[in-house]
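Trainee: Please walk me through this one. Start with the inside.

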Amino acid sequence: MNRLNWHQAVLQNMVDAVIAVDDRQQIMLVNPAAERLLGQQLKEMQGQAFFDTFIFSNERTQTEIHRRLESVLQTGTPSIFADHTSLTNREGRHQAISGDIAPIYGHASKIMGALVVIYTGKSELNPGLRTEDLHSFVTNAPIAIALFDKNMRYLATSQRWIDAYHLDNEILLGRSHYEVFPEIPNHWKVAHQQALSGTTLRDEELFLRKDGSVQWDRWILQPWYESPTSIGGILALTEDFTDRKHLEQKNQELLEQLVASQKIESIGRLTAGIAHDFNNMLNVIQGHVGLALLEKDLHHPLYEHLTEIRDAADRSTDLIQQLLGFASKEDHEPRLVNVNQTIEEMLGILRRLISEEIELVWEPESERCFVKMDPSQLDQILANLCVNASDAISGIGKITLKTGNREFDQDFCELHPGYLPGKFAVLAVSDTGTGMDEETQARIFEPFFTTKPAGKGTGIGLSTVFGIVQQNQGFIQVESQPGSGSTFQVFLPCRRDETPVHFQEPAFRTPGGTDEMILLIDDEPMLAKISREILLSLGYRVITATSPRDAIQRMIDFNGTIDLLITVVVMPEMSGKELFQAIQELQPDLKVLYMSGYSANIMDEHGINKEHACFLKKPFSRDELAVKVRQVLELS
């Protein structure tokens, strides 16, 4: 028999009248005893107002019971009414009754109605009959439920209660609950006393099982009455909802991960936008400096100052590229990288990423450490590992960077799981932080896993490192003990047999123009101005515009042939591609050079085929612009 059938059987066989009303005091359900009491069937009473159906002996009594019912619906506190109350049935006969009113709870512990139980007779309820019915209900209930007397001795339990708490029913009845559970927390004893005083309590709590596992229980403590005015003990009901709780926690974790990923995406977008604006400004600086250098010889007092400005702008450009790399907004371009040199160039940035109380120590290997990967990815590995090490240190501490070369054969790898055979450059980051236990170490590379407080970490730093290392056919080893700090060793395939090609660049002559006409559009007026000056200095004629509509109008007004369109990719009115297509209708053989302060990915995002289009990334120098313009013009 399922739970619903049990409840129906108990309700149908109770000798007392039971009436369920909703929160508007309309009758929803009655049992046969209630039908007999009034001489009406359920279909006649269902949906009717309780006090239109149940007529009490006088107005004062009806008003009092009405007040009690409203109080139960509002507060959830059970109420009883005295046995001298009388009820008038359909035939007009008066019958002495007593009863009690209890709340009915629905979803999220919201009161959805009330249960009115009416006892008939000239005096108080026959306690023996009610206790027997209650014992029967508890014993046969398909849920975990137990019946206690005033001294918290077991009177009855369901089989589910016995199974849930691993008890022996044969020696349970009559024993004190505190004897069965001698280590019961004091707050439970307080709750029992509150229930014995007439209060219904409900809550959720985490319990430790005998096998060491934990379970979440939802519980209710409710007094039961041996007479309308006398509490006989407590009815306790528990529900194991551990699986549901774990699902809720998992859903919460997924929600937090979604929020974190959205934050990261927002940071990436913000970084790309800032990089775009910085690249534009750097391009203006580099353009003016480049033109100024053309007018000054090596011995001019301003020449050294101008070269310093140019070099600072170049270093700023490299910094922007690193920011785009951290935000994963740049295409990966693997090339031979000197690990030691990269670390030395990054030390200034790394020191700004960690706490001022932490010492950063750099111990390079004397041998060459070369790997083939995108330099921005190596920057990401360094930054994430150093930030992670810094967060593990509370107060004063030390982070040590080391490099080296290692080689592993197949026999070694078989004895040391996680290692791969081959030659590797090793980057080790050690800290004097709190260290990690084995359970934490097993999860540190999981996306969004973090041991940091809420708002202090996203849980993607180490997973990013892990992904980059795997992408470059490497592996990571971690050594850590609680209280003894941690060491992360990154092994990347070593290319020490390869050497970056160093060659003496031939004398370079900046290619100039031969009076070709260029239509230049840039929505940044300062950049449009300096780009025009550079092109004029190279021997081109230039028409400039700062908006797509302006560019189209200037093309229409120009009475001649345009040799090249130079346009930014992203603009408010229309994209560079859309502008090029519009102008092509006026001059089909027009050539185009795209430029942007965003990453090269912007070409894909705007549907421009990089294989069939020329692109110049901002900021660019005078020489870079000269070379690229000449290349496009000479394309057949």
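**Inside the model**

Trainee: Which residues does L565 touch, not counting those up to four places away in sequence?

Mentor: L565 touches L519, I521, F580, I583, L590, K591, V592 and L593. A contact here means heavy atoms within 4.5 Å.

Trainee: What sort of model is this?

Mentor: This is a predicted model, where local features need pLDDT of at least 70 and side-chain atom pairs count only at pLDDT 80 or more, while totals for chains, interfaces and linings use all residues. Residues are numbered from 1 along each chain as its sequence is written, and side-chain values use heavy atoms, with hydrogens and water left out.

Trainee: Back to the inside. How many residues are in the largest nonpolar core?

Mentor: That core has 43 residues. L535, L564, L565, I566, L593 and V629 have the most contacts inside it. A nonpolar core is a set of buried Ala, Val, Leu, Ile, Met, Phe, Trp, Tyr and Cys residues joined through side-chain atoms within 4.5 Å. Buried means under 20% relative accessible area, exposed over 50%, and partly exposed in between (1.4 Å probe, protein chains only). Another core, of 37 residues, lies apart from the largest one. I349, I354, F488 and L492 are among its residues.

Trainee: What share of the protein is buried?

Mentor: Buried residues are 43% of the 636. As for contacts with a separation of 6 or more, 60% are between residues 24 or more positions apart.

Trainee: New topic. How many helices and strands are there?

Mentor: There are 21 helices and 23 strands. Both are DSSP runs numbered from the N terminus: helices are H or I with at least four residues, strands are E with at least two.

Trainee: In what order do the strands of the open 5-strand sheet come?

Mentor: The order is β13-β15-β16-β18-β17, with mixed pairing. Two strands pair if DSSP finds at least two bridges between them. β13 (358–363) and β17 (475–480) are the edges; each has a single partner strand, so one side of each has no neighbour in the sheet. Neighbouring strands are turned by 20° against each other on average, direction ignored.

Trainee: What lies across β13, β15 and β16?

Mentor: Helix α12 (residues 339–353) does, running at about 170° to β13. Axes are lines fitted to C-alpha atoms, for helices over the stretch in contact, and angles run from 0 to 180 degrees between N-to-C directions.

Trainee: How many bridges join β16 to β18?

Mentor: 8 bridges join β16 (residues 422–431) to β18 (residues 486–493), and the two run antiparallel. β17 and β18 are also antiparallel, with 6 bridges. F488 in β18 stands opposite V429, and F488 is also the bridge partner of V478. The β17 and β18 hairpin has 5 residues between the strands, and G483 there has a positive phi near 85°.

Trainee: And T400, buried or exposed?

Mentor: T400 is buried, at 11% relative accessibility. T400 sits in β15 (residues 397–408). Leaving out residues up to four places away in sequence, T400 touches V361, E363, A428, V429 and S430.

Trainee: How many disulfides turn up?

Mentor: 0 in the whole structure. A disulfide is a pair of cysteine sulfur atoms within 2.5 Å. C369 has its closest cysteine sulfur in C494, at 6.3 Å, so the two are too far apart for a bond. C369 is buried at 0% relative accessible area.

Trainee: Which residues does the cis peptide bond join?

Mentor: K618 and P619, with omega about -5°. P619 is in the loop between β23 (614–617) and α21 (622–633).
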